[in-house]
Amino acid sequence: DVEGADLDVLEGGARLLREMKPVVAVAAYHTPEHLWQIPRFLLETLGPCKLYAGHDPAWVFHLHFIAVPEQA
């Protein structure tokens with residue numbers, strides 16, 4: 001749980017993400033900018049993938065992105 005440093009963590013692991021192409025789930029609700037910065041980073045880093053957004057209605061501002069890279 002990195003409490004708002006989600007994009008920093010992703011950027012720090014960019015090489016691993018590009019090489020391994022894992023399924024990634026990440027919170028995007030700590031700053032308004034994360035709503036576009038995180039999905040943009042995931043798409044640019046993972047390449048073609050399906051990108052999903054999930055929201056738990058019990059938590060007004062909680063939004064999560066899940067990126068599922070296409071299989072090579």
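A residue counts as buried when its relative accessible area is under 20%. The legends below describe close-up views of a predicted model.

**View 1. The buried side of helix 3.** The buried residues of helix 3 are H34, I38, P39, F41, L42, T45 and L46. Around the helix axis they cover an arc of only 155 degrees, so they lie on the same side of helix 3. Their cover includes helix 1, helix 2, strand 1, strand 2 and strand 3. Helix 3 is built from 13 residues, and the distance from its first C-alpha to its last is 17 Å. That is close to the 18 Å expected at 1.5 Å a residue. After helix 3 comes G47, which has a positive phi near 80 degrees.

**View 2. H34 and its contacts.** H34 belongs to helix 3. Its relative accessible area is 6%, so H34 is buried. When neighbours within four places in sequence are left aside, H34 is in contact with G4, L7, A28, P39 and F65.

View 3. Strands of a sheet pair through backbone hydrogen bonds, either parallel or antiparallel. In this model, three strands form an open sheet with antiparallel pairing, in the order 1-3-2. Strand 1 (24–27) and strand 2 (49–55) are at the edges, and each has a single partner strand, so one side of each has no neighbour in the sheet. From one strand to the next, the twist averages 20 degrees. Helix 3 (residues 34–46) packs on this sheet and touches strand 1, strand 2 and strand 3. The direction of helix 3 makes about 10 degrees with that of strand 3.

**View 4. The two pairings of strand 3.** Strand 3 (residues 63–69) runs antiparallel to strand 1, and four bridges join the two. V24 stands opposite A67 of strand 3, and A27 has H64 as its bridge partner. Strand 2 also runs antiparallel to strand 3, and this pair is joined by seven bridges. Here the bridge partner of G54 is H64. H64 is therefore a bridge partner of both A27 and G54.

**View 5. The two faces of strand 3.** In a regular strand the side chains alternate between the two faces of the sheet. On strand 3, the covered face holds L63, F65, A67 and P69. The uncovered face holds H64, I66 and V68.

**View 6. The largest nonpolar core.** This core has 15 residues, and L10, I38, F41, L42, L46 and F65 are those that touch the most other members. At least two core residues come from each of helix 1 (6–12), helix 2 (14–20), strand 1, helix 3 and strand 3. Helix 3 gives the largest share, four residues. Not counting residues up to four places away in sequence, L10 touches L17, V24, V26, I38, F41 and L42.

**View 7. V2, before helix 1.** V2 lies in the segment before helix 1. With a relative accessible area of 37%, V2 is partly exposed. V2 and F41 are 39 residues apart along the chain, and 17 Å separates their C-alpha atoms.

How values were computed:
Residues numbered from 1 in each chain as written. Predicted model: local features only at pLDDT ≥ 70, side-chain atom pairs only at ≥ 80, totals over all residues. Heavy atoms only, no water. Axes fitted to C-alpha atoms, helices over the stretch in contact; angles between N-to-C directions. Contact = heavy atoms within 4.5 Å. Core = buried A, V, L, I, M, F, W, Y, C linked by side-chain atoms within 4.5 Å. Buried < 20%, exposed > 50% of the residue type's maximum accessible area, 1.4 Å probe, protein only. Expected span 1.5 Å × (residues − 1). Arc of directions from axis to C-beta.
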